[in-house]
Amino acid sequence: MTTDATARRRGGAAGPGFSALASNEAGLLLITVLFALLFANLTPGFSSPFNVYALTRVLAIDAVIGFSMMVVLVTGGLNLAAGAIGVCAVMVGGWAMQVAGLGVLPSALIAVAFGAALGATNGLLTVAMRVHSFVVTLATMSLFFGAMIIATGAEAFNALPAAFTGLAKLRTVFFVSSMIYASMVVGVLLWLLFRHTLIGRQILAAGANPAAARLSGVPVERTIVVCHSLSGGLAAFAGLMLAARNGAALPSMAGQLGMDWLLPAFLAPVLGGTLLTGGSLSVLGTFLGAAMVTVISNGLLQLRVGEFWVQAFLGLILLAAVVLDRLRAHLIERRRA
Amino acid sequence: MTAAAARLLRTDWFGLLVAFGCGALALAISHPSFLSTFNIYVMLTAFALSVLVALSQMVIVAIGQLNLSVGAIGGLAAIAFAGSMEVWGAPVPLAIATGLAVGLGCGALNGAVTHYTGLNAFVVTLATLAIFKGVNIGITEAQPFYDIPQSVKTFGNARLGFVPPILFISLAFVLAVLVFMRRSVLGRQLLAVGGNRNAAALSGVSIGRVVIAAHVISGALAATAGMIAVARLQLGQPTIGDDWLIISFAAPVIGGAVLAGGHVSISGTVLGVAIITLINNALVLLNVDPFAVQLLLGALILLAVALSRFRDPA
């Protein structure tokens, strides 16, 4: 399930059955299910129809936010501006729907294209200046967010057409929000991209070892620009889902400079086994990582552990996850030696 | 003469000083109120806080790492400082010690985790950012501490002509960091680790000691900034530190720091803060949308990086 530059690095001698069970994804799924069962037993509110609906709605959004960071992490870079791009794109989409009177689909397409364009700007600047994307996206998060606040006067678009906000209100079997299918479709498309297309394979190769990839004829710079525009487009898509849920395009929906998205954006891919050093990612892992975070934070809220403590818990989970991952890598190395 | 001029141009601070001088001169001519006692007091107050935030980040940039949790440490120290006075009725010196201890502890945690796990400081400090901020919100339930002793309030609002007394605290820290980085063994080792970790280790530098020391110093500077913010705001606001991220990176980068580590400029960072303060003030005087400062800061970081690329094409 992990998409790697070198085809099957983690299979090992233990055989396919064992490695599937021991994989990161299986572990995440197990933990998530255990937590869900625990919460369902502890509080009736957790498995209530409304909570299932609310939970899957949050999961749908957080998974796409995670994807948006994942596609940049695979290049060995990162995108601090994901939240800022998401908000900027949503404001453009909100303007298109409310002021320009365009239909829902054209407006959404414009928003996603705008997000991709902002992402491409990040990619082009990173490549042109030959610096780490950290400093570029740090600067552009401030730049994009500041420009958006000035352009909109910090005013929300809160008369969005019902056809748009209605998309977030659909419930399907078992009260699952319809938005979850949208994020699943996005996930499958991403999996196909990295598994079966030339540019996807080139991105993985360039992320794993840029020098070697360049010598093998991979256009490394182009893969970086593609990943950043993909990240921008995905951030815009996540923003649209959030706007549909809120029923309005709010400049404050991702917090100051869009920084409220940073934690979910990193939690999902890092828990899912995407390496920060690039070259390896897991689409399913990112989705399951988002699921685990959503279930745990929702469960803690339902248990009334104190809504104010949830952020501290999420930080602890991220810290524990990266430390454990490090430990695992260390143990694997030892066994080989 | 030309050799001296060329040497000046190559320093980190000369160009910034010229930029600052030109900006200040232009503002002084176009807006006489720029030089009013009150306006200078306002600028120096903002400068005093920002310079501590910038130094807190600069120390970590020196070892080639990043610290996303500077603002969260400042916020947690701020509410520890204010909370210990309101809830436990602690005397001011004890409250300052509590706030400082929180900063040192948070820094030590950042340093120990990055060093012993070998993890990227980015992801470690992102996690601790959430933990520190989360503990802050958990304790305060997002409500400020209002009951600040009069002596702290008086100190935060005092004016000696155009000089705010908090400026002396900041200047003392700038001086201390300057002496530390230039003259002390540990300070030189910080730069050695940032420049080339392996070479430093082979030369007998204890990497762990240096990394943890840098994070502890960063935590202490952030905590001091947080407590100064309490004195200025006259309340222990849980949101203190939320907007420090951009400025903490902008000033060292404008000042010529290389984010890969090994080179930082204290004079450059201080001038970077001065330029940012000047821009902020100019926007107020020119009646520009205050949010334009975010746009300008972003552009300024990009410009600084592009310039350093131009000056030193690698």
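Among the contacts in chain B between residues at least 6 apart in sequence, 76% join residues at least 24 apart, a contact being a case of heavy atoms within 4.5 Å. The structure is a predicted model, in which local features need pLDDT of at least 70 and side-chain atom pairs count only at pLDDT 80 or more, while totals for chains, interfaces and linings use all residues; side-chain values use heavy atoms, with hydrogens and water left out. Residues are numbered from 1 along each chain as its sequence is written, and chains are lettered from A and ligands numbered from 1 in the order in which they are written.

Chain B has 14 helices and zero strands, where helices (H or I, at least four residues) and strands (E, at least two) are DSSP runs, numbered from the N terminus. The radius of gyration of chain B is 20 Å, close to the 20 Å given by the globule rule for 314 residues, so chain B is as compact as a globular protein of that length. This radius is taken over C-alpha atoms, and the globule rule is 2.2 Å times the number of residues to the power 0.38. Along its principal axes, the C-alpha trace of chain B spans about 60 × 55 × 30 Å.

Of the 314 residues in chain B, 54% are buried. Buried stands for under 20% relative accessible area, exposed for over 50%, and partly exposed for what lies in between (1.4 Å probe, protein chains only). Chain B exposes about 13,100 Å², and carbon and sulfur atoms supply 69% of this area; accessible areas come from the Shrake-Rupley method with a 1.4 Å probe, and for residues only the protein chains shown count as cover.

B:Ile240 is buried, with a relative accessible area of 5%. Leaving aside neighbours within four places in sequence, the contacts of B:Ile240 include B:Gly71, B:Gly74, B:Gly75 and B:Ala78, as well as B:Gly226 and B:Leu233. From B:Ser184, B:Ile240 is 56 residues away in sequence and 32 Å away in space, C-alpha to C-alpha.

Aromatic rings come next. Over all chains, the structure holds seven aromatic pairs; rings of Phe, Tyr and Trp (its six-membered ring) pair if their centres lie within 6.5 Å, and planes under 30 degrees apart count as stacked, over 60 as edge-to-face and the rest as tilted. The rings of A:Phe134 and B:Phe122 have centres 6.0 Å apart and planes at 80 degrees, so this pair is edge-to-face. A:Phe134 lies in helix H6 (residues 133-152) of chain A and B:Phe122 in helix H6 (residues 121-140) of chain B, so the pair joins two chains. A:Phe134 is buried at a relative accessible area of 3%, and B:Phe122 is buried at 2%.

B:Phe122 also forms an aromatic pair with A:Phe266, tilted, with 4.9 Å from centre to centre and 55 degrees between the planes. A:Phe266 belongs to helix H12 (residues 262-271) of chain A, and B:Phe122 to helix H6 of chain B, so this pair too joins two chains. A:Phe266 counts as buried, at 0% relative accessibility. Ring pairs link A:Phe134, A:Phe266, B:Phe122 and B:Phe249 into a cluster.

Elsewhere in chain A, A:Ala117 is found in helix H5 (residues 104-129) and counts as partly exposed, at 38% relative accessibility. A:Ala117 and A:Gly232 are 115 residues apart in sequence and 7.2 Å apart in space, C-alpha to C-alpha.
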